Amino acid sequence: VMILLNMLLAIIMENYMKVKKKMSDPVLAVPLGRQIQEMWRRRQQYKQGKRVRLNDILDAFKGLHHGNEKEMFRSTQMITPTYLLENVIGIEKAQAARTLTNASEEHRKANTKEFELGDLRVREQEDDGKEKASQLERIDDSTRKVRDGLLYVQDRVTFYDTVVSGSSGQSKDAASLLANAAAASAETAADRSISDEVLECVGSEVNRLNYETATILGQTVRRVDLRQRHIEQRQDDMVSSIREMHQTLLNLQSEASSLSNKLQRLNHDAVKGSGSSAWRRGGVVPSCFANCTPDAREASLPGLRNSRTRMPGGSEGG
């Protein structure tokens, strides 16, 4: 019974995890408001005669296969809106198209593997058996090509921007010299401006880091101080508790000593009382007096007189 119960719990938990994973996906999970709206729409259309229930559609398909569900599911018949209009009584074209669209979407969701980041690194096999580059590698290669193209365009724009027009009457060497000088001056100015900006930025960041470091250090010191005070308070509480425990143990020791003295006194009294004669305590009785009781009477023996034997002359023994 326990094995069957564990198997049932395992099945229930597996289906629960599947439904939970499905509901966690915002694409697959249907909001509650949308579900209520859908149910209300279907109810109103059914009351107006503009809609056929899904159970009626299923019954119509079963009727085409004489009620055999296995044969119905094995069928390869292409289902179209026209096919539904011809075989399902009362269905409209809009509902037929909408039902097929929803069914196709649900089938796609159920049979399509969810996208994961690990899929970007998977390499596929080509028809000739060679490995194809993964999606991540193709994206990286495309990004590099775009970057190289942008750098090349920037270089060309910079080159043509610094070229002097030939209509000025100067020679090509002079134009090249001027272009080089302009480029050098531009690079020097850029380096100078970048250096100043970098120094200013670095200085501001250093100041900010100093302020943040001092703030964090002060907060840390305060926390350490508070923790130290808390520890000292706990130590004082522990010391007071230990003192109380010590006093309690001393009291218990005193009570134990008093109780021990009382027990010794009682034992001494018992031993002292046991020293009396065994005859008085009734512990030892001679064998000849074993049958003696308080109600026992004197026995008459031949030749002996007891205290009640009559003496000659009519008098009793005194």
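Read along the sequence, what pattern does the protein follow? The pattern is α-α-α-α-α-α-α-α-α.

## Basis of the model

This is a predicted model: local features need pLDDT of at least 70, side-chain atom pairs count only at pLDDT 80 or more, and totals for chains, interfaces and linings use all residues. Residues are numbered from 1 along each chain as its sequence is written, and side-chain values use heavy atoms, with hydrogens and water left out.

## Overall make-up

The secondary structure comes to 9 helices and 0 strands. Helices (H or I, at least four residues) and strands (E, at least two) are DSSP runs, numbered from the N terminus.

The protein has 318 residues, and 6% of them are buried. Buried means under 20% relative accessible area, exposed means over 50%, and partly exposed lies in between (1.4 Å probe, protein chains only). The accessible surface comes to about 28100 Å². Carbon and sulfur atoms hold 58% of that surface. Accessible areas come from the Shrake-Rupley method with a 1.4 Å probe; for residues, only the protein chains shown count as cover.

Contact means heavy atoms within 4.5 Å. Among contacts with a separation of 6 or more, 26% join residues 24 or more positions apart.

## Helix 6

Helix 6 covers residues 93-111, 19 residues in all. From first C-alpha to last, helix 6 reaches 27 Å, close to the 27 Å expected at 1.5 Å a residue. The expected span is 1.5 Å times one less than the number of residues.

Which residues of helix 6 are buried? They are Gln95, Ala96 and Thr99. Seen down the axis, the buried residues of helix 6 fall within an arc of 100 degrees, so they line one face of the helix. The arc is that of the directions from the helix axis to the C-beta atoms. Helix 3 (54-64) and helix 5 (81-87) are included in what covers these buried residues. The face turned away from the buried side carries exposed Lys93 and Thr101.

## Salt bridges

Side chains of opposite charge can pair when their charged atoms come close. A salt bridge is a side-chain nitrogen of Lys or Arg within 4 Å of a carboxyl oxygen of Asp or Glu. How many salt bridges does a search of the whole structure find? The search finds 10.

Arg53 pairs with Asp56, with the closest N and O atoms 3.5 Å apart. Arg53 is partly exposed at 43% relative accessibility, and Asp56 is partly exposed at 28%. Asp155 and Arg156 also meet in a salt bridge, at 3.2 Å from N to O. Asp155 is partly exposed at 43%; Arg156 is partly exposed at 29%.

Asp225 bridges to Arg229, the closest N and O atoms being 3.4 Å apart. Both lie in helix 8 (residues 172-273), 4 residues apart, about one turn of the helix. Asp225 is partly exposed at 37%, whereas Arg229 is exposed at 53%. Elsewhere, Glu38, Arg41 and Arg42 are linked in a network of salt bridges.

## A nonpolar patch

Met2, Leu5, Leu8, Leu9 and Ile12 make a nonpolar surface patch of about 480 Å². Patches are made of residues with over 30% relative accessible area and no salt bridge: like charges are joined within 9 Å, nonpolar side chains (Val, Leu, Ile, Met, Phe, Trp, Tyr) within 5 Å. Leu8 lies in helix 1 (residues 2-24). Leu8 is partly exposed, with a relative accessible area of 47%.
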